[in-house]
Amino acid sequence: MRHAIIPVILLFMLAFEGVAIELLPPSIKFAEIYIIPQWVLMFLILVTIYSYTKMPIIPIIYGAVFGLMTDIVYTNILGVYMFVVALAVYVAQLLNRLFQANIFMVIIIATVSLFVLEFSLVFIYSFLGISTMSINQFLVFRFLPTWIANILFIVIIYYPTKQLLAWMNAKKIT
């Protein structure tokens, strides 16, 4: 029953990713910068690092399922987010093997995973002719603001999520 909490939290975060943009002031929301909340990815990075170490495929499956849900709710093309979120979670798992689990390494892992996700999205959408963003525009107007917002988010949820995952992974003592 404890492990049913993760999909519920992911569903909650998916729903509020779209609402978060509407809560921004108009001066930021209608500017040339793009702030894309990737809360599902940030939470999945913490799940990857602090839970499911013996079953690493589970966070990737969560990434694929909630990526597909993102495709269905927010985009017109199915499968792009499904692939890219699962890929970013896989990159987080690979990096987790190299680093110790602390807040600074989580920030580094989140940065690399977020870059993989955002760069892959821009690359795929450019290939399909949907996006015409250059690399410089991508880095300045999309990746940097998105990175700042998502790193702030992961720092805020780091400790509560770590405690929640420790509680979920605790064995019952009888």
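Leaving aside neighbours within four places in sequence, N150 is in contact (heavy atoms within 4.5 Å) with I36, P37, Q38, W39, M42 and L114. The model is a predicted one, in which local features need pLDDT of at least 70 and side-chain atom pairs count only at pLDDT 80 or more, whereas totals for chains, interfaces and linings use all residues. Residues are numbered from 1 along each chain as its sequence is written, and side-chain values use heavy atoms, with hydrogens and water left out. N150 belongs to helix α7, which covers residues 135-169; helices are DSSP runs of H or I with at least four residues and strands are runs of E with at least two, numbered from the N terminus. The side chain of N150 reaches the backbone nitrogen of Q38 at 2.8 Å, and N150 is buried, with a relative accessible area of 0%, where buried means under 20% relative accessible area with a 1.4 Å probe, protein chains only.

At the level of the whole protein chain, the secondary structure comes to 7 helices and 0 strands. The radius of gyration, taken over C-alpha atoms, is 16 Å, close to the 16 Å given for 174 residues by the globule rule (2.2 Å times the number of residues to the power 0.38), so the protein chain is as compact as a globular protein of that length. Along its principal axes, the C-alpha trace spans about 60 × 30 × 30 Å. Buried residues make up 43% of the 174 residues, and among contacts with a separation of 6 or more, 72% are accounted for by residues 24 or more positions apart.

Conventions
Buried < 20%, exposed > 50% of the residue type's maximum accessible area, 1.4 Å probe, protein only. Polar contact = N/O pair within 3.5 Å; in protein donor to acceptor, adjacent residues only side chain to side chain.
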